[in-house]
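I opened my notebook to look up a few things in a structure, and I wrote each one down as I went. The entries follow below the structure itself.

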Amino acid sequence: MREKSGPNGDIDFTTGGNGASYRPLSDNYDHPKCSGRTALCNEVLNDKWVSFPSSSEATFPKSCKTEYEEAMHRFEDELFELDMAKRDNKDTIHILEDLNKKLNKMTPDNRQ
C-alpha cells in the first residue's frame with residue numbers, strides 16, 4: 001500500500017523523489033481543468049512534481065534571528081533587487097543603443 005499525504009492522498013512518499021525537495025503526485029491525482037493550455041504547455045509545464053520541504057527547511061526557526069541579522073537579510077535582499085534592476089536597465093540600454101544605430105543608418109524615408 002502506498003503512503004500518501006494531503007486531503008486526497010496527493011503526494012506519494014514511497015516513490016523516489018526528484019532530489020530532497022520534490023515528490024511525485026499520485027497517479028490518480030485529478031488535475032484542475034485549465035482551458036488556456038496549449039500542446040506546448042502540456043509538454044513543458046510541470047504537472048507531476050510538487051515542492052516538498054526537507055526537514056531542515058520545514059523546521060528552521062524563523063524567530064532565532066536577532067534584529068541585526070534581520071536587518072542584514074533585508075539589506076541583502078534589497079541589494080539583490082538593486083542588482084537585478086541594474087542588470088535589466090543595462091540590457092535595455094544595449095537594446096536601445098542597437099536600435100539607435102539602426103535608425104541612424106536608415107534614410108529619412110525608411111525612418112518614416
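**Surface.** I first looked up the accessible surface, and I noted that the chain exposes about 9900 Å², with carbon and sulfur atoms supplying 54% of it. Accessible areas here come from the Shrake-Rupley method with a 1.4 Å probe, and for residues only the protein chains shown count as cover. Of the 112 residues of the chain, 7% count as buried, where buried means under 20% relative accessible area, exposed means over 50%, and partly exposed lies in between (1.4 Å probe, protein chains only).

**What I am reading.** I reminded myself that this is a predicted model, in which local features need pLDDT of at least 70 and side-chain atom pairs count only at pLDDT 80 or more, while totals for chains, interfaces and linings use all residues. Residues are numbered from 1 along each chain as its sequence is written, and side-chain values use heavy atoms, with hydrogens and water left out.

**Confidence.** The pLDDT is the predictor's confidence in each residue, from 0 to 100. I found a mean of 78 for the chain, with 71% of its residues reaching 70 or more.

**Elements.** I listed 4 helices and 4 strands, which run β-β-β-α-β-α-α-α from the N terminus on. Helices (H or I, at least four residues) and strands (E, at least two) are DSSP runs, numbered from the N terminus. Among contacts between residues at least 6 apart in sequence, 40% join residues at least 24 apart.

**Salt bridges.** How many salt bridges does the structure hold? I noted 2, a salt bridge being a side-chain nitrogen of Lys or Arg within 4 Å of a carboxyl oxygen of Asp or Glu. In one, the side chains of Arg37 and Asp47 meet at 2.6 Å, N to O. This pair links distant parts of the chain, 10 residues apart, with Arg37 in the loop between strand 3 (22–24) and helix 1 (39–44), and Asp47 in the loop between helix 1 and strand 4 (49–51). Arg37 is partly exposed at 29% relative accessible area, and Asp47 is partly exposed at 30%. Arg87 forms a salt bridge with Asp88, with the closest N and O atoms 2.9 Å apart; Arg87 is partly exposed at 43%, and Asp88 is partly exposed at 37%.

**Around Asp47.** Which residues does Asp47 contact, leaving aside its neighbours within four places in sequence? I wrote down Leu25, His31 and Arg37. The C-alpha atoms of Asp47 and Pro24 are 9.1 Å apart, although the two residues are 23 apart in sequence.

**Ser26.** Is Ser26 buried or exposed? Ser26, in the loop between strand 3 and helix 1, counts as buried because its relative accessibility is 5%. Its C-alpha atom is separated by 8.2 Å from that of Lys48, which lies 22 residues apart along the chain.

**A nonpolar patch.** Last, I noted that Met72, Phe75, Leu79 and Leu82 form a nonpolar patch on the surface, with about 380 Å² of accessible area together. Patches are made of residues with over 30% relative accessible area and no salt bridge, with like charges joined within 9 Å and nonpolar side chains (Val, Leu, Ile, Met, Phe, Trp, Tyr) within 5 Å. Phe75 has its place in helix 3 (residues 67–105) and is partly exposed at 45% relative accessible area.

Key:
Contact means heavy atoms within 4.5 Å.
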